[in-house]
Amino acid sequence: MNDLTIQFIPYSELAYLTPYRRVKKLLELVSENKILIIQGKLAPEEEADLIQETMKQIRESKSRKKFKGIEIATISPKSKDLSIMQNITEKLATTFFGGRDMITIIGPATVVKDIRKDPSKIELYLRK
Amino acid sequence: MAIEIITNFFHRIFNNLFNYKKHVKLGFYGPPNAGKTTLANRIAKDWTGEEIGTVSKVPHETREIQFKEKVDIKFDSKKATFKLIDTPGIATKIDYEDFLHFGLSTKEAKKRSKEATRGVIESIKWLDDMDAVVIVIDSHENPYNQVNVTIIGNLVARKIPVLIVGNKVDLKGADLKKIDSAFPEYDVVGISAKTGKNMEEFYEALFNLIKKVK
């Protein structure tokens with residue numbers, strides 16, 4: 001495996017960007033083969049935008065190391081006791097990026113094979 | 001004009017009496033290979049005699065939105081007309097090399113991959129047009145995957161009623177309890193779209209779902 005970069009992004013670095021810029025920034029970083037650990041959580045609409053932009057980028061990718069998409073998961077420190085729906089309701093409380101106490105992990109699919117999540121933990125499986 | 005007013009009046013009264021919308025745009029959403037088209041086909045076949053689309057073991061078989069208009073469904077004494085909207089599976093990654101394992105040529109795999117990316121974008125765009133949505137989850141897979149969370153989050157934000165279907169319960173290893181515990185606020189119905197197992201339960205849940213359509 002080549003060098004692996006893990007980048008932590010504090011809440012303040014994304015909170016004041018527009019949703020469009022936020023999604024673009026995250027995708028730019030992931031395209032550089034970085035695994036992002038983000039303090040906070042995208043709103044559902046932003047997640048949908050992220051998926052749509054990811055698909056566009058896969059289609060347009062012509063580089064030798066082709067972009068194949070992303071793996072993404074979010075976890076809340078309280079999520080052991082929360083259902084998905086309660087987690088979503090918490091996220092909806094903020095219109096856009098929010099949930100300072102939540103952690104989102106995004107990685108490029110060329111590096112991260114799978115992110116397995118259950119209510120209390122996230123496991124990253126990397127490609128060899 | 002007078003006839004129209006009288007017709008509309010009775011239509012309103014009738015709708016209020018039974019408390020649900022009679023023409024429902026029903027979307028089938030979920031990750032690839034969960035069985036969305038198999039379920040949409042079963043419903044369409046049950047009530048119109050025709051299927052909506054082809055199914056395959058190769059992921060992303062459905063790469064365009066598919067419809068079946070005017071599907072009249074009756075359950076007990078209730079009746080409603082549906083427009084069934086089968087959507088391409090939503091994914092966060094698509095790699096043409098994955099299709100090669102299913103025997104596709106490189107050219108076919110690359111074409112499928114390109115079409116699949118378009119399909120995902122279309123599925124998300126269509127979320128706004130749904131009256132109600134059935135989320136189809138493979139009951140062998142982890143329900144906590146981010147695609148399910150994103151779809152549900154977007155439906156909640158748009159106030160679109162949701163029914164969750166745990167599909168493939170006829171196969172060994174199906175874990176409906178895990179889906180139930182992930183989505184305790186929703187009706188979860190375990191079915192096999194392929195064999196037709198529990199379809200009565202599905203139709204009952206479907207009519208409960210459309211009561212919530214505004």
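1. Across the interface of chain B and chain A there are 11 residue pairs in polar contact, both residues at pLDDT 80 or more; a polar contact here is a pair of N or O atoms within 3.5 Å, where within protein one must be able to donate a hydrogen and the other to accept it, and residues adjacent in sequence count only if both atoms are side-chain atoms. Helix 5 of chain B gives the most to the side that touches chain A, with eight residues. That side of chain B divides into 16 nonpolar, eight polar and seven charged residues (Ala, Val, Leu, Ile, Met, Phe, Trp, Tyr, Cys and Pro count as nonpolar, Asp, Glu, Lys and Arg as charged, and the others, Gly among them, as polar).

2. Please keep in mind that this is a predicted model, in which local features need pLDDT of at least 70, side-chain atom pairs count only at pLDDT 80 or more, and totals for chains, interfaces and linings use all residues. Side-chain values use heavy atoms, without hydrogens and water, residues are numbered from 1 along each chain as its sequence is written, and chains are lettered from A and ligands numbered from 1 in the order in which they are written.

3. The contact (heavy atoms within 4.5 Å) takes 31 residues from chain B and 31 residues from chain A. About 2,800 Å² is buried between the two chains, with carbon and sulfur atoms giving 66%; this is the accessible area (1.4 Å probe) lost on putting the two parts together, summed over both. On the chain B side, T92(B), Y144(B) and Q146(B) lose the most area to chain A, together 24% of what that side buries.

4. How many salt bridges cross the interface of chain B and chain A? The rule, a side-chain nitrogen of Lys or Arg within 4 Å of a carboxyl oxygen of Asp or Glu, finds three. K68(A) forms a salt bridge with E97(B), their closest N and O atoms being 3.6 Å apart.

5. In chain A, four strands make an open sheet of mixed pairing, in the order 1-2-4-3. Strands are DSSP runs (E, at least two residues) and helices likewise (H or I, at least four), numbered from the N terminus; two strands pair if DSSP finds at least two bridges between them. Strand 1 (5–9) and strand 3 (70–75) of chain A are the edge strands.

6. Chain B has an open sheet of six strands, ordered 2-3-1-4-5-6 with mixed pairing. Strand 2 (66–75) and strand 6 (188–190) of chain B each have a single partner strand, so one side of each is left without a neighbour in the sheet. Strand 5 (residues 162–167) of chain B runs parallel to strand 6 of chain B, joined by three bridges, and V165(B) stands opposite V189(B).
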